[in-house]
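Have a look at the structure below before reading on.

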There are 2 protein chains.
Amino acid sequence: MVDKGAFLAHFEKYLADLLSDDKSVLSEVARYCALDGGKRVRPVCVYLGALAAGGNCGEKELLALAAGVELVHCYSLVHDDLPCMDDGAIRRGKPSAHIAFGETNAVLGGDALLSYAFDHLAKKSAEFGAGFALAAAQISSAAVDMAHGQALELAGIKDAREYLDMCAKKTGALILGALRAGAIAAGAEKNALENIDEYGKAVGLCFQLSDDLIDGDGAVPLIGEETVRAKLENQRLRAEFAARDFDPSLTAFVNTIANRTM
Amino acid sequence: MVDKGAFLAHFEKYLADLLSDDKSVLSEVARYCALDGGKRVRPVCVYLGALAAGGNCGEKELLALAAGVELVHCYSLVHDDLPCMDDGAIRRGKPSAHIAFGETNAVLGGDALLSYAFDHLAKKSAEFGAGFALAAAQISSAAVDMAHGQALELAGIKDAREYLDMCAKKTGALILGALRAGAIAAGAEKNALENIDEYGKAVGLCFQLSDDLIDGDGAVPLIGEETVRAKLENQRLRAEFAARDFDPSLTAFVNTIANRTM
């Protein structure tokens, strides 16, 4: 398998090419939201999932899955920022889509990003066959969960249990889906896939809890900073244990997530 | 192949089952919008596409494609009715989704419908293989066009040419995609698929122009009622000609579309 740095460089080019062939306003929204140098956590998860399963997978398949998962992520950011959702004005240091392009184009731009994602995955399923389609279905299944997670959050969270259930859907599902997609594309066996599931759930929680510690919101006001730190450490250890037989970069990844300060 | 009436009855049960396994508010929105007895024009198109290609296709494949295409259609209605889009308060004789469930749940409900659609098609692509995935990709490709068509309409239409280009994307693409999906699932040959394309484009325009004549809007104020009637008749004849070698129900269908008065 190509190394991670090369994969990410290829990914940036792949995504830019994918979004380059159209001059309409929605394609402009899509490029504005998807080509702005996000951290590409989910594409990395696709890569790591394949690596965990032995790395026996073509880069073309992984790039297609990574593009699908990142476009789904970008759609969710655009719609989450809408005035009727979280009403976010700034995203990744610049005006969010509805500020830059208006609310109508933000709704439609998000719709287009989601449609681009699935259209690309469907076309590649026709090209690569049923095994790839099963990998792609991990991403579409996560997209269903994400909408439910966002609805749970907007309906109001009562306690820590509800909060973590919401996070597992809103944030965790796509991280898990990306890992599973990569693993399935690389032909993961049942046992490896169970460990990927365990690892992915723990990484998703680490991602959310470390985010909450940085911002001082989410779980922090519900259960206090000290308890959040303890939960984060538990999930970090859970991920490390699940990854004990995998390539060491999976352990390194969860530690980067858990220890980030921005 | 099963007859059209039986297919539609099976379709209603299939869609209801598909949307039954969840009790969240978004599933409620999905059922409210998708199980209300629409005309099911697009599922009929999937069926007719398969029939045109010789009907050599399992009903399970067709039902899955029909569910995907109808869920994409329902998502587009929910988002089109939003206050920042067409701001429609009534849909199919009852309050539209954002009136019944609030704007937030309407945006997310539409997102969920689109995600359900693609998730179902992805899972079935994994089950049925690459040929089915190619059929499903006709639907995802149409979904991309639909978002662009809606953006064109909201940006403002200057003349009849722009109007018809917008309609081809916003309305025609999914009708054509449904026909192509059914035809490809039934193993259509190149020549048949070319005639399906010609038929589908003409049917899409017939659908839009007859709609405009009923409502007195769209093309009517741009080019006048008489010219719209002439264009409708041209497209009806174009569809009949394209369908000359197909099952007679395709000719019957375009006549029903062209002659409808409500």
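Two residues are in contact when they have heavy atoms within 4.5 Å of each other. With that in hand, take A173(B): leaving out residues up to four places away in sequence, A173(B) touches A142(B), D145(B) and A168(B).

Some housekeeping first. This is a predicted model, where local features need pLDDT of at least 70 and side-chain atom pairs count only at pLDDT 80 or more, while totals for chains, interfaces and linings use all residues. Residues are numbered from 1 along each chain as its sequence is written, chains are lettered from A and ligands numbered from 1 in the order in which they are written, and side-chain values use heavy atoms, with hydrogens and water left out.

Helices here are DSSP runs (H or I, at least four residues), strands are E runs of at least two, and both are numbered from the N terminus. A173(B) counts as buried because its relative accessible area is 9%; buried means under 20%, exposed means over 50%, and partly exposed is in between (1.4 Å probe, protein chains only). From A173(B) to G149(B) is 24 residues in sequence and 9.2 Å in space, C-alpha to C-alpha.

In chain A, Y163(A) sits in helix α8 (residues 160-185). Which residues does Y163(A) contact, leaving aside its neighbours within four places in sequence? They are I157(A), Q208(A), D212(A), G218(A), A219(A) and L222(A). Y163(A) and D215(A) are 52 residues apart in sequence, and their C-alpha atoms are 16 Å apart in space.

Over in chain B, Q235(B) belongs to helix α11 (residues 225-242). Neighbours within four places in sequence aside, Q235(B) is in contact with A202(B), L205(B) and C206(B).

Two packed helices are described by the angle between their axes and the distance between the axes. The axes are lines fitted to C-alpha atoms, for helices over the stretch in contact, and angles run from 0 to 180 degrees between N-to-C directions.

Start with helix α4 (residues 59-80) and helix α7 (residues 130-155) of chain B: their axes come within 10 Å and cross at roughly 10 degrees. That makes α4(B) roughly parallel to α7(B). The cut-offs are under 35 degrees for roughly parallel, over 145 for roughly antiparallel, 65 to 115 for roughly perpendicular, and oblique for the rest. On the α4(B) side the contact includes A64(B), L65(B), V69(B) and V72(B), and on the α7(B) side it includes F132(B), I139(B) and M146(B). The residues of this contact divide into ten nonpolar, three polar and two charged. Here Ala, Val, Leu, Ile, Met, Phe, Trp, Tyr, Cys and Pro count as nonpolar, Asp, Glu, Lys and Arg as charged, and the others, Gly among them, as polar.

The other pair is helix α2 (residues 25-34) and helix α6 (residues 103-128) of chain B, which pack at about 75 degrees with their axes 9 Å apart. α2(B) and α6(B) are therefore roughly perpendicular to each other. Among the residues making the contact are L26(B), V29(B) and C33(B) of α2(B), along with L108(B), L113(B) and Y116(B) of α6(B). By class, this contact has ten nonpolar, three polar and no charged residues.

**The core**

A nonpolar core is a set of buried Ala, Val, Leu, Ile, Met, Phe, Trp, Tyr and Cys residues joined through side-chain atoms within 4.5 Å. The largest one has 185 residues, and V72(A), Y199(A), V72(B) and Y199(B) touch the most other members. Not counting residues up to four places away in sequence, Y199(B) touches a group that includes L48(B), L179(B), F253(B) and V254(B).

**Cysteines**

How many disulfides does the structure hold over all chains? The count is zero, a disulfide being a pair of cysteine sulfur atoms within 2.5 Å. For C57(A), the nearest cysteine sulfur is that of C45(A), 15 Å away. The sulfur of C206(A) is 12 Å from its closest cysteine sulfur, also in C45(A), which is too far for a bond.

R40(A) is in the loop between α2 (25-34) and α3 (41-52) of chain A, while D87(A) is in the loop between α4 (59-80) and β1 (90-91) of chain A.

| Residue | Relative accessibility | Class |
|---|---|---|
| R40(A) | 3% | buried |
| D87(A) | 48% | partly exposed |
| C57(A) | 16% | buried |
| C206(A) | 0% | buried |
| Y163(A) | 6% | buried |
| Q235(B) | 16% | buried |
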